[in-house]
Amino acid sequence: MLVAEVPNIGPELLVVHAAISRGMKVAEEHGRRFSREDYPDAATRAGFISYVRTFVSVLHEHHLLEEELAFPRLQEKFPDAPYDLLLDQHKVIVGILDEVGAALEGVAADTRPGESLNGLTDGLSRLAVLWHPHIQIEQEHFTVEQAAARLSADEQIEWSRLFMEYSQQHASPDYLVLPFMLYNLPPAERSIFAGMLPPIVTEQLVPMAWREQWEPMRPFLLI
Ligand SMILES: [Fe+2]
Ligand SMILES: [Fe+2]
């Protein structure tokens with residue numbers, strides 16, 4: 001079940017994971033295509049670099065949020081989750097994510113696709129192997145049903161607000177991160193993520209004030 005009738009952090013975790021998972025897959029698929037066929041034009045190349053850079057920022061921030069804010073709180077309510085294992089997995093994932101970030105800077109410095117793109121896609125592929133079992137563990141423990149049973153509605157609202165505030169402070173730049181999250185999600189999941197944001201973000205900033213900045217990522221987004 002994805003949509004909860006009362007406030008619930010379970011669907012929020014699912015949609016954040018879903019946006020990151022799509023970003024990882026899209027970055028790898030397009031990276032492999034550009035390595036084979038070259039970029040169709042300079043604008044697509046710039047948009048791709050921006051998209052992957054934003055993905056790296058989002059995933060780093062997701063780990064920080066879980067480690068600094070979410071897990072210490074969840075530990076009280078979900079003492080049976082394997083936090084040591086999850087934190088060990090984060091360390092390995094972050095190591096590969098740093099390699100992906102370094103490879104991306106190689107791609108950005110290289111006007112022709114080649115070894116740097118292959119390094120990037122190899123890193124993304126190794127990341128995916130670790131990421132999917134990792135989020136499966138989180139999603140099996142922090143389910144909608146368990147969150148509803150173990151947290152009051154007030155706690156769900158408070159935690160959700162704290163998590164979103166933390167994300168907004170740490171994920172940057174917001175004019176790329178928030179469109180990245182929204183438009184890596186299909187409509188039903190997008191509306192769950194949009195519900196976590198102040199209305200000004202979805203009604204004014206993303207469609208108007210920030211549009212020119214995120215527009216180059218459009219070929220890789222669900223829009
Ligand atoms: Fe995690
Ligand atoms: Fe997670």
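Donors, in this tour, are N, O and S atoms within 2.8 Å of the metal, and because water is not among the atoms, a site may look incomplete. The model you have open is a predicted one.

Begin by selecting the iron ion (ligand 1), which is coordinated at 2.0 to 2.2 Å by Glu66 through OE, His90 through NE2, His134 through NE2 and Glu138 through OE. If you look at the angles which the four donor atoms subtend around this ion, you will find that they run from 86 to 172°, which makes the arrangement irregular. Traced along the chain, the donors of the iron ion (ligand 1) have the spacing E-x23-H-x43-H-x3-E.

Now display helix α4, residues 115-141, where His134 and Glu138 are both found, four residues apart, or about one turn of the helix. His134 is buried, with a relative accessible area of 1%, and Glu138 also counts as buried, at 0% relative accessibility.

From here, move to the largest nonpolar core, which has 52 residues, and select those with the most contacts inside it, namely Met24, Tyr51, Phe55, Leu59, Leu120, Leu127 and Phe193. At least two residues of this core come from each of α1 (9-37), α2 (42-77), α3 (83-109), α4, α7 (174-183), α8 (187-194) and α9 (199-209).

Centre the view on Phe55, which, leaving aside residues up to four places away in sequence, touches Ile20, Gly23, Met24, Leu97, Leu124, Leu127 and Phe180. Finish with a second, separate core of 19 residues, including Leu13, Phe71, Ala147 and Tyr166.

Methods: Residues are numbered from 1 along each chain as its sequence is written. Chains are lettered from A and ligands numbered from 1 in the order in which they are written. This is a predicted model: local features need pLDDT of at least 70, side-chain atom pairs count only at pLDDT 80 or more; totals for chains, interfaces and linings use all residues. Side-chain values use heavy atoms; hydrogens and water are left out. Donors are N, O and S atoms within 2.8 Å of the metal (3.2 Å for Na, K and Ca); water is not among the atoms, so sites may look incomplete. Four donors count as tetrahedral if all angles lie between 85 and 135 degrees; four count as square planar and six as octahedral if opposite donors are over 155 degrees apart and all others between 65 and 115; anything else is irregular. Buried means under 20% relative accessible area, exposed over 50%, partly exposed in between (1.4 Å probe, protein chains only). A nonpolar core is a set of buried Ala, Val, Leu, Ile, Met, Phe, Trp, Tyr and Cys residues joined through side-chain atoms within 4.5 Å. Contact means heavy atoms within 4.5 Å.
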